[in-house]
Amino acid sequence: MLRFIQVIVCNLPRMYMIPRMGHKAKNGKITEEKRYAYARLTVKRMNRSGHITTIGYGMENLPKEGGYVMFPNHQGKYDALGIIATHEKPCSVVIDDAKSHVILTTQFVNLLHGKRLIKDDMRQSVRLISEVAEEVAAGRRYIIFPEGGYFRNHNEVREFKPGCFKSAMKAKAPIVPVVLIDSYKVFEVWSLRPVTTQVHYLPAIPYEEYKGMTTMEVSDMVHERIKTHIEKTTRQEQ
């Protein structure tokens, strides 16, 4: 939170960007590419003022064409921003509605035309799954956090919620496991020291590979690949 305050204070001269994000989100004439470029510009300026460096690995593993869904482990408020900083093509995000109505988060979700999930509303959840599946089948890319939240787990992976994979499976789209390392240090650690985070895009899992599997089996497969990669990477750094 200390770094978040620093970012806000350092960017006071650029506070005009917040209402501008809202305007771009509502203007139907602005393309998704331009909205995404503005989101990335905002993240770039935030990272510079907050002394945040995010390094991306495995971008060559991302599908070159069509839609897909990225499933990262979840560590904190910076997670989606770290992915946006390293993911060149436009993507959007599914976020817990209860956590989406705060300054900057609201503007980012709106700018990306993201989806807000109301966890205790089953009908809305079913409708959202169908909407995301339709958009992914049409070529959009989404970020969905299968842990459903972060709980001071740092570089450890908690249990995944199998239902999170329904949109990708319904769209018959590639699933991209994404590994976040040290992302929690950005806003969850009370420090202003320079911080470096990592985003690793693992090889995409095509529909043909998980066809016929249950949501639980797909969830376990993605969970294991992310967990194994985190353990391997952090062990090498020690």
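Phe 4, Tyr 78 and Phe 187 come together in one aromatic cluster of this predicted model. A search of the whole structure gives five aromatic pairs, where rings of Phe, Tyr and Trp (its six-membered ring) pair if their centres lie within 6.5 Å, and planes under 30 degrees apart count as stacked, over 60 as edge-to-face and the rest as tilted. The rings of Phe 4 and Phe 187 have centres 5.8 Å apart and planes at 85°, so this pair is edge-to-face. Phe 4 sits in helix H1 (residues 2-10) and Phe 187 in the loop between strand E6 (175-181) and strand E7 (195-201), so the pair ties together parts 183 residues apart in sequence. Helices (H or I, at least four residues) and strands (E, at least two) are DSSP runs, numbered from the N terminus.

With a relative accessible area of 26%, Phe 4 is partly exposed, while Phe 187, at 8%, is buried; buried means under 20%, exposed over 50% and partly exposed in between (1.4 Å probe, protein chains only). Tyr 207 and Tyr 210 also form an edge-to-face pair, at 5.4 Å centre to centre and 90° between the planes. Both Tyr 207 and Tyr 210 are buried.

Turning to loops, Glu 159 lies between strand E5 (141-143) and helix H7 (166-171), and is exposed at 67% relative accessible area.

Residues are numbered from 1 along each chain as its sequence is written. Local features need pLDDT of at least 70, side-chain atom pairs count only at pLDDT 80 or more, totals for chains, interfaces and linings use all residues, and side-chain values use heavy atoms, with hydrogens and water left out.
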